[in-house]
Structures are given as C-alpha cells and as structure tokens.
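Reader: I am new to this structure, and I would like to learn how to read it. Could we go through it together?

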Number of protein chains: 2
Amino acid sequence: MLDDRKLDVLRAIVQDFVSTNEPVGSKALVERHHLGVSPATVRNDMAALEEGGYIAQPHTSAGRIPTEKGYRLFVDRLSTIKPLSPAERRAIEQFLDGALDLDDVVRRTVRLLAQLTRQVAVVQYPSLDRSSVRHLELVRLTGSRLLLVLITDTGRVEQRVVELATEVDEDAVTALRARLNARVASALVIEVPNQLADFVDQEPIESRAVASAVVAVLLESLVERRDDRVVVGGASNLTRFALDFPDTVHPVLEALEEHVVLIKLLGEATRPTELTVRIGDENAYEGLRGTSVVSAAYGSGSRALASLGVLGPMRMDYPGTMAAVSAVARYVGRILAES
Amino acid sequence: MLDDRKLDVLRAIVQDFVSTNEPVGSKALVERHHLGVSPATVRNDMAALEEGGYIAQPHTSAGRIPTEKGYRLFVDRLSTIKPLSPAERRAIEQFLDGALDLDDVVRRTVRLLAQLTRQVAVVQYPSLDRSSVRHLELVRLTGSRLLLVLITDTGRVEQRVVELATEVDEDAVTALRARLNARVASALVIEVPNQLADFVDQEPIESRAVASAVVAVLLESLVERRDDRVVVGGASNLTRFALDFPDTVHPVLEALEEHVVLIKLLGEATRPTELTVRIGDENAYEGLRGTSVVSAAYGSGSRALASLGVLGPMRMDYPGTMAAVSAVARYVGRILAES
DNA sequence: CACTGGCACTCGGCGGCACTGAGTGCCAGA
DNA sequence: TCTGGCACTCAGTGCCGCCGAGTGCCAGTG
C-alpha cells in the first residue's frame, strides 16, 4: 500500500514542513525535491497518505502537513540520525570539560543542549537510587546539632541537620562516623536502609540515642530526595516556534515548572544513550499536546544514572535533535565516570 | 500645579488601568470612583496630567494610560502598602516552615513568591561574601584525592575535589582539617583569604604540599562562586499578561536565563526588608522595557544576605506586590536566622 | 474662577464584500 | 501507471462604511 515513492513523498513533506512551517503543496514538492514525477502524480500519492492518516490538510484549499502518525513513521523508518558537525563535537567537549562539580556539570549540560538544539532542554540529576555512597560525613556543629552530609559516587551531595536531645562530644561523633561509613561506604544508596537495619541495635548503649537520631534523618532524607531533581534551560526558545500559537506556550511553561511532570516525560532510564522519541500525545500530558520529547539515558559504563532530553514542537528537526541528545548523553556519561 | 484632585485622578487611572488593562476614559473614571465632579472636569485634569507627562493616550480617540513617570509618582506618593490578608500570612508561614535545608528554603520561597504575586519570582542565594564559615570539611576519597566541603552559617554548602600529587594518609588529613578549621571557622567568608595568607608557611614541612593544594582549591572556589546563584520561578505567569504583546515575552525569557542580569536587577542588597521598585527603563536592561521589578533584601538580624523580588509588567499591582515581597523577605530572614 | 453641559471631531475596530491565488480532486488521454 | 487539463474550494487580503468611545473646546452658570 505504501510503496517507496509514497514514503519519499512523506519524507519530503516532513522535511519541508519542518523547515518552512507551512503546509506543503504538490507543486512546491516536485520543485524542491527531484522526485522525477509530476505534481499530479504526487497528488495521488498524497491522497493515499492522507487516507492512511499520515498527513492532513488544515483546510480544503491548503497543502498538507504531517500528522503525529506521519512523524512517527518518519522517525522510525525514514530518517537517519544526522552526524554532528565537527564544530558541534568540539563545542560539546569544550563546554563540558571545564565543569567543576556535579552542579556545574548539570548546569552546563542543560545550557549546551538548549544551544545545540535551539529548544528547551531538561536534564535530570543522577538518580540517588542508582548511585552508591562514597562517604558519609558527620560534622559537630554544636553539642546538640550535627550536620549529616551524604556524598555519592556521582558527586551528588545531600545534607541535613540532625537535632539531638542530648549533648555529644567530638570523640563520640568521630567514632560514630567511622562505624557508619564502615557499614554504608560504597554501598548502593538503595541498599542503605537494609545495611542500617540493625545498626542502632549494635551500637554501644551510650551512643544509641545519637545513632538512632542520625539514622532516622538519613533514611528520611533518602526518601524525600526520591523525587529526583531536574534542571530546565532554554525556555526562551519556546517563543521561537510558538509565536503563531500564543496560547500553547502557557501550558508548556507551566509544565516546565512541574518537575514531577518533567521526570515522567524523560521516561524511565533504560540503557545509557538509548534514545526515546515521544511525539505529540504520546507523552500523555495535558498541555503538552503538539510538543515532542527526545530523550536519552546517560550513565557511566553500562549503568544508567538518569535521563536528559529536549522538548520542542512536533515539527522539529528530529534527525539533528536526536544526534545532539545522543552525543551529549554519551559525553555526560564519560565526564561523570571520570570524576 | 498638581492639586489634590489631579493626584486623585492619577491614582484612579493607575488603579483602573492595572485592573482592566484598557485605556481609561473620563466617563468611566467618574463612574467607578466617586470623584464628585463631572467627566468634563476630569478631562481638564487629565489634560494637565498629560501635559506633565504622567499619562498618555495610545491614540487620539482613546482613554489614557499611565506613563513610567505616572507609575513612579503613584508608587512614591499615592499608594499605601496593602496589608496582607490573614490567609496570605498563613500561606507564607505554612510554606516556609517545612523547609529542610537551604536549597529547599530557596525553592519554596521562589514558589511562594510566584504564587502570591502571580508574577515571575527571583530569589538569590545568601551571598557567600556575606556569610561566615561554619565548618570546613576534608574527606579523603582516595590516597591522592580529597573532597573539600565548605559549610556556611546560612547552610550553604560548596564542595570541590582536590587532586594531590602525592599520597596522604588519614591521620594527616585529620590533622590538616583541624588546623584549617582553627583558622577559618566562624570567620567571614570574605576574610578567609586573609586568614589563610600565611597558613601554608606555618604548616609542618611534610604537609606543606597537601596544604597548599587544598588552600589553592579553596580560594579558587571562593572566587568562582562570587557570581552568586539565583533561582527563578513562576515563568508561566509571563504569558498571563503578555498575551497581547507576544514579542515582549521572548526577551524577558532570555533575561531570566541570564543570571548575571537578574542579579543586577535585584540590585545591591542594602538593609534587610528594604524595598526597591524599579519601573520600566529604570532597570536599564534592553529587553526588559515595559517590565517593573520589586525587590527587597533579606537577611538575619541587621545583616543583609541577599535579595529577592518579582518581575512583572509595568501595569502591576504595586501595593499588593510590595506587601508580598516585603513579607516574604522578612520571613525568609527569620527562617535563616533560626537554622 | 472653577466647574459643567453641549457639541463637533477623530480614529480604531468591525462586519461585509469582492478578488486573488494556491492547492486540490477528478478525468480523459498517452 | 503517469500526465496535463480543468473546474472547484476557500483562506487571506484590501477596501469601504458604520459605529462608538473618547476627546478638546466653548459658552454658560453658581
């Protein structure tokens, strides 16, 4: 039913529409792409494509625009990921190599992605669940207040104040710190609750109260941070393509502030650098109709830590965007593995 | 030249225009505000106000809208800060009391401000320069890598990895940590470079190399963080008032991503809770024409730590916004003083 | 002298109307 | 199976005239 030429026509329609943002007609199509047939023939093919639901006309006397289904087919079968230009590769390296700490890596990444794709970029912090504990620090602020700092292998730092009912001296803190680290250092964060299950009971009787308070705060902080953090950048790119639809930008801006929504959008991280493309309603969030999301998991080695991606109009340059997202994800993984 | 009634008229014009976003005419004015005079009289007053540059007509056959100068006069002399409703006070308390750590305080604050004012909120992190050192932590990651963690009295945490040329053992790290803290603990951050000026020289000869590396990274991190951090929220509120001017939202979104610009916008922190209002071109940044900024410094006690504020259209509810910003600044200061 | 009512005037916004042109579907012919 | 031709549709555009909100000015009044 869809022979090769029809697919060529669909590909040409998607490419033209993406670059001009105007319905494309049969005549323009044969002029811009050397299809080797006449407009009339193309019209027949277009009728077939419309029949199949791949393209549609906004109104009777207009050209065609791709539908969601059309974009899907394009992404799945008609496009090849466009290799990045050397300049772009260089930009990625230069941008990320100077990063100082994890916060900096994330901030730079989001900026880089937004710049490369000229769209809205979303980067998730390395998931706590999938990280492991590098070190647990316990600082005595005053006699009855400790600062608990958790440092992961990805450089993430979580800190929390522990209020104690009783006073505690420096030596006790040092000892407790050592015993805690012996238990959890280099364990997966998700394993920490198990590792500490009987920790308090095994403590010397005189330090049980303190240990119990510390462990409680630690476990609590792990639960609270479950809602992993994301950073958004390039929101101003929204207006580039939304000038025509001023009512569509508001819900998108709202969505960008709902980090929970964004995390769902990026999707479950699978294997590192594996690309996911969600087109239009596929990402099932009211207010994000008409937008597409290209995301990839990143990680060090074979372990996926979290995801990053970009959000743009359905009429986006999929091959280019996919290449950029994939390259950045790969590079971030490398940076994190090094540190 | 501007008698009381003319000022009343100006006040009425500002109030009406702010709430309706439409040029206000003489007739509507006498109907909605009981000015006790006829439209014709008001027209004369309006002519005088226009003469003085306080109001203008967008086109000949339209009502008047306030100019920048008009808003300025309104803010300076014609408005009283609207007290917050009990519901709003309660919202502030509930919102901020549950905060876990500094990041959380900042995130909650920005969200709260955006919600209260229905505008774009900007909150600056407590300035490093104005904080003091609570503790300096040195963690031995491997033999040749240390993690340096700086914790300030406002709960801010900065961390950085120190790469060493030689191996170092746990005891040496402990000793160095103790000596470092003896020097800088509870000093103002801005004093740290002075405090450490001769630190390396006074170290035992065998630990000089390590001390020098650590101090170098510490000083460097203080310089780099000079560009203090800000957090933005409520960007979706932009579209509420920018529907009519779709071309004005793009530059504003861009400005929101330029944190340096935002920091300038908030202005130099003066005394805590002191309000600043910048109207239109007063904040002198291309692309922010037509917007106003209401900001306040916050701090604990009499020490200003940083600023927060909101950004909105020139036609904003100044009394309400000023009340909200001021109340939030006061409350944030209190929260930080407690922790 | 300040205020008021009346009146002529201006001009943006809106609906109606005709025209244009891009693009289509269909059909007969190669 | 493709092509050229033809009638048809309809969004977009420009033009026109009307409506009405709002103004400025002036003469009249307490």
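Reader: How do the residues of the surface near DNA strand C divide into nonpolar, polar and charged?

Author: Happy to start there, and please keep in mind that this is a predicted model. The surface near DNA strand C has 7 nonpolar, 10 polar and 3 charged residues. In total, 20 residues surround DNA strand C, and the closest are G25(A), V37(B), T41(B), T60(B) and S61(B). The elements that give two or more residues to this surface are α2 (26-32) and α3 (39-51) of chain A, along with α3 (39-52) of chain B. The largest share, 4 residues, comes from α3(A).

Reader: And which residues come nearest to DNA strand D?

Author: Of the 20 residues around DNA strand D, those are V37(A), T41(A), T60(A), S61(A) and G25(B). Two or more residues each are given by α3 of chain A and by α2 (26-32) and α3 of chain B. Here α3(B) gives the most, with 4 residues. By class, the surface near DNA strand D has 7 nonpolar, 10 polar and 3 charged residues.

Reader: What span should helix α6 of chain A have?

Author: A helix can be checked by its length. Helix α6(A) covers residues 102-117, and at 1.5 Å a residue its 16 residues should span 22 Å; the end C-alpha atoms are 22 Å apart, so the two agree. Among the buried residues of α6(A) are L102(A), V105(A), R108(A) and L113(A). Just after α6(A), R118(A) takes a positive phi of about 55 degrees.

Reader: What is the radius of gyration of chain A, next to that of a compact globule?

Author: A compact globule of 339 residues would be near 20 Å, but chain A has 26 Å. Along its principal axes, the C-alpha trace of chain A spans about 90 × 40 × 35 Å. Chain A has 14 helices and 10 strands, and buried residues make up 41% of its 339 residues.

Key:
Residues are numbered from 1 along each chain as its sequence is written. Chains are lettered from A and ligands numbered from 1 in the order in which they are written. This is a predicted model: local features need pLDDT of at least 70, side-chain atom pairs count only at pLDDT 80 or more; totals for chains, interfaces and linings use all residues. A residue is near a molecule or strand if its C-beta atom, placed from the backbone, lies within 6 Å of it. Ala, Val, Leu, Ile, Met, Phe, Trp, Tyr, Cys and Pro count as nonpolar, Asp, Glu, Lys and Arg as charged, and the others, Gly among them, as polar. The expected span of a helix is 1.5 Å times one less than its number of residues. A residue is buried if 20 or more other C-beta atoms lie within 10 Å of its own, exposed if 12 or fewer, and partly exposed in between; C-beta atoms are placed from the backbone. The radius of gyration is taken over C-alpha atoms; the globule rule is 2.2 Å times the number of residues to the power 0.38.
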